[in-house]
Amino acid sequence: MMTSDHPPSEEAEPTVRQLFVGFLLLGMMGFGGVLPLARAMLVEQRRWLTAAEFTDLLGLCQFLPGGNIVNMSVAVGMKFRGISGAVASIAGLIAMPTAIVIALGTIYDRYQNDPHVRHLFTGLAAAAAGLLLSTALKILWPLRGKPAGLAIAAVAVLAIAVLKLPLLLVLLTLAPMSILAAWRLLR
Amino acid sequence: MIPVLISLIAIFLELSLLAFGGGNTILPEMRRQVVDVHHWMTNQQFAALFALAQAAPGPNLMIVPLVGWRVAGLPGLLVSSLAMFGPSSVITCVVLHLWERFKAHRLRSIVQVGLVPVTAGLIAASAVVLTETLAHSWPLLTIAVASAALSLATRLHPIVLLAAGALVGLLGLGQS
């Protein structure tokens, strides 16, 4: 097995069809987080990207609006096959998950008046809220000992969850403040 | 039908451009729009759709096609997905070209570091908003806290925790 830093050879460049199939499989497998699987597929199995290229692209995708892996699929498709590659990649990524959520939604709709089904989905919703709670704590943890960062995060929670202010207003106010604070610290 | 589709497009176009830090940061705004502003569904129904989206594989934005489909069927699904995934994809393509130039630029790392607290706060707000929908029931709050604690303390797969929550819910504890 070659190391993941081995540069992908010219003939290893995926076709539009291979991009679609690759991301289709990724979309079907990624339960509760596609990121680790995306790295395994792109870097280790198909070797479309080196480890460094993957990290660089991920940085870009986190920096842009939209889902990280959705943006990553667009970036990878674009890199190899231009616009048609980008469209094939994102379509592949979201095709199966969309079909599956609609199937689940249909089941929920049909049986939501059945108390057992309602109870089951209420329990599922509670667990899903709990998972998001743990994600939030994991993301907040590196901010400990950074009073400015914690204050900004606290204001965001207050503005969105308590005062129910529109997201656009909150982002346009907090993002420049936070970036300014980062600039003063990094200067 | 057409006004509903236009509303869906407007909502998800805006969310597409505001979704810094991934899909979970825009949940409260999505909930505010579909529940408070447009009254398309109740808080509990929105929480159920979020749970369905979490139970499905794939990226965590799958609540978007689900909301579109729930509100306006197949046309709703198509316009919501296009409005959500289109603009951010176009931005990704454009920025990809400029990325190399900014690679070593200090501004890039400053913006990246600066956005972390905002993203963290928005995801925490999403968690609070979703947990609020459970506030009427102690057993449901217990499920949420237990799944959060297990997710933090163990390496259990999220799908295991979701299944456990669904099973406990099936017992109907503390539910009407």
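In chain B, 58% of the contacts with a separation of 6 or more join residues 24 or more positions apart; a contact requires C-beta atoms, placed from the backbone, within 7 Å. This is a predicted model, in which local features need pLDDT of at least 70 and side-chain atom pairs pLDDT 80 or more, while totals for chains, interfaces and linings use all residues. Residues are numbered from 1 along each chain as written, and chains are lettered from A and ligands numbered from 1 in written order.

**Exercise 1.** State how many residues each chain brings to the contact, and which helix of chain A gives the most.

*Solution.* Chain A brings 81 residues and chain B brings 88 residues. Helix 5 of chain A gives the most to the side of chain A that touches chain B, with 23 residues; helices are DSSP runs (H or I, at least four residues), numbered from the N terminus. That side of chain A has 61 nonpolar, 19 polar and one charged residues (Ala, Val, Leu, Ile, Met, Phe, Trp, Tyr, Cys and Pro are nonpolar, Asp, Glu, Lys and Arg charged, the others, including Gly, polar).

**Exercise 2.** Describe how helix 5 of chain A and helix 3 of chain B are arranged.

*Solution.* Their axes come within 8 Å and cross at roughly 70° (lines fitted to C-alpha atoms over the stretch in contact, with angles from 0 to 180 degrees between N-to-C directions). The two helices are therefore roughly perpendicular, the term for 65 to 115 degrees. Among the residues that meet are Phe121(A) and Leu124(A) in helix 5 of chain A, and Phe50(B) and Gln54(B) in helix 3 of chain B. By class, this helix contact has ten nonpolar, one polar and no charged residues.

Note on methods:
Contact = placed C-beta atoms within 7 Å. Parallel < 35°, antiparallel > 145°, perpendicular 65-115°, else oblique.
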